Amino acid sequence: MVTTGNAKAISDLEYNLLAVLKNKSEAVQIYNTYIQDAQKTGSQPCVELFQQLQQEELKQAQRVRQHLQEVMQKGKM
């Protein structure tokens with residue numbers, strides 16, 4: 001939660017969703033490094049695994065973003 005005096009700048013729920021979205025976004029980016037490392041070693045199965053995991057993180061990030069937008073508009077789900 002972000003506070004200014006007694007007033008909250010954003011709700012706890014918004015803060016939590018933002019934190020999850022940040023973590024998911026960072027995970028999507030770091031998978032690029034993992035994919036490159038697997039490519040350097042010639043491990044195609046690992047490349048494919050990391051790509052799949054990256055796509056799952058991206059889908060999750062998109063879901064979190066949708067929830068965040070709704071919460072920011074309505075104050076809740």
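A residue is called buried when its relative accessible area is under 20%, exposed when that area is over 50%, and partly exposed in between. The model is predicted. By this cut-off Tyr31 is buried, because its relative accessible area is 13%.

**Aromatic pairs**

- Across the whole structure, a search finds three aromatic pairs.
- One of them joins Tyr31 and Phe50, a tilted pair with 6.2 Å from centre to centre and 40° between the planes.
- This pair links distant parts of the chain, as Tyr31 belongs to helix H1 (residues 12-40) and Phe50 to helix H2 (residues 44-74), 19 residues apart.
- Phe50 has a relative accessibility of 22%, so this residue counts as partly exposed.
- Phe50 also pairs with Tyr34: the ring centres are 5.6 Å apart and the planes stand at 50°, so this pair is tilted.
- Because Tyr34 lies in helix H1 and Phe50 in helix H2, the pair ties together parts that are 16 residues apart in sequence.
- Tyr34 counts as partly exposed, because its relative accessibility is 34%.
- Through ring pairs, Tyr31, Tyr34 and Phe50 are linked into a cluster.

**Helix H1**

- H1 consists of 29 residues. From its first C-alpha to its last, H1 reaches 43 Å, close to the 42 Å expected at 1.5 Å a residue.
- The buried residues of H1 include Leu17, Leu21, Lys24, Val28, Tyr31, Ile35 and Ala38. Glu14 and Ala27 are also among them.
- In an α-helix, residues three or four places apart point the same way, because there are 3.6 residues a turn.
- Just after H1, Gly42 adopts a positive phi of about 75°.

**Gln54 in helix H2**

- Gln54 is placed in helix H2.
- Is Gln54 buried or exposed? Gln54 is buried, because its relative accessible area is 11%, a value to be read against the cut-off of under 20%.
- With neighbours within four places in sequence left aside, Gln54 is in contact with Val28, Tyr31, Asn32 and Ile35.

Note on methods:
Residues numbered from 1 in each chain as written. Predicted model: local features only at pLDDT ≥ 70, side-chain atom pairs only at ≥ 80, totals over all residues. Heavy atoms only, no water. Phe/Tyr/Trp six-rings, centres within 6.5 Å; stacked < 30°, edge-to-face > 60°. Helix = DSSP H or I, 4+ residues; strand = E, 2+ residues; numbered from the N terminus. Buried < 20%, exposed > 50% of the residue type's maximum accessible area, 1.4 Å probe, protein only. Expected span 1.5 Å × (residues − 1). Contact = heavy atoms within 4.5 Å.
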